Amino acid sequence: MNTIERLVEFFYPTRCLVCLKSGAVVHLDCQQELPYVKEPFCHRCSAVLTGKHCHSTLCRLPENDLGLTAVRSVFWHDGAGREAVLRLKYKGVASLRDWAAEEVSKALDRYQLAGYFQVVIPVPLHAQRLKTRGYNQAGIVAEALAKKQNFFVYSPYLERVKSTQTQVKLSGQQRSRNVKDAFQWTGENLSGKQVLLFDDVCTTGSTLNECARALKVAGAGEVWAVTLTREVVRQA
């Protein structure tokens, strides 16, 4: 933990994501309250699945527009899961970063994906947003995850080359159009490497898919995505 992180921890002490009392990121007694993603969920996009078929934005894309192999998420974006993402985005506390990386690492084990990837790449922020926030929340977790899973982490080479409008109020199709061709790979050829994309939250998967398309152009083999949370969008 560096000096800045110690100061943040001092002025904003760690509080449990579930009960909000100080002392731990999640108290042992609160662990069972975490909103882990459980079946039934779509094995392509990780959305809640309530019928036989998934009708999410990602699953409705034509096959030739798909860059992603699949998405996996640790928690639903609700309660403690949502709180974790908010804290990562706006506080970047070291203890939360390490906890998130541990939870993602355990999820890769659960999903039988541990050891499958050679590279982890965080979804980048546009340079202007990075300057404003001071750090990329996906990047700090990806770096901690890389140490746990023995990945190479390629942070600076996937670039967001188009400043897009906020996705918050956009529909699924609008999100896909908004991030079209927004990313570019500037590193060495990925030459068939199995790549894991990491982001804090998956809403429709549009951003993740556009990142994956750029990585496939750069020679990547399969591109999977893992996110800390997945928006809860229930389907018929």
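Started with helix 7, which lies across strand 1, strand 2 (119-122), strand 6 and strand 7. I noted its direction against strand 6: about 165°. This is a predicted model, so I'm reading local features with pLDDT of at least 70 in mind.

Next I checked the length of helix 7. It covers residues 206-217, and at 1.5 Å a residue those 12 residues should span 16 Å. I get 17 Å between the end C-alpha atoms, which agrees.

How many residues of helix 7 are buried? I count 9 of 12, so I'm calling the helix mostly covered, taking buried as under 20% relative accessible area.

I see an open sheet of 5 strands, paired in parallel, in the order 1-7-6-2-3. Which strands sit at the edges? They are strand 1 (70-76) and strand 3 (152-153), each pairing on one side only.

I followed strand 1 to its partner. Strand 1 pairs with strand 7 (residues 223-230) in the parallel sense, over 6 bridges.

Last entry: helix 2 (residues 80-90). Helix 2 packs on the sheet and touches strand 1, strand 6 (195-202) and strand 7. I have its direction at about 105° to that of strand 7.

Technical notes:
Residues are numbered from 1 along each chain as its sequence is written. This is a predicted model: local features need pLDDT of at least 70, side-chain atom pairs count only at pLDDT 80 or more; totals for chains, interfaces and linings use all residues. Side-chain values use heavy atoms; hydrogens and water are left out. Helices (H or I, at least four residues) and strands (E, at least two) are DSSP runs, numbered from the N terminus. The expected span of a helix is 1.5 Å times one less than its number of residues. Buried means under 20% relative accessible area, exposed over 50%, partly exposed in between (1.4 Å probe, protein chains only). Two strands pair if DSSP finds at least two bridges between them. Contact means heavy atoms within 4.5 Å. Axes are lines fitted to C-alpha atoms, for helices over the stretch in contact, and angles run from 0 to 180 degrees between N-to-C directions.
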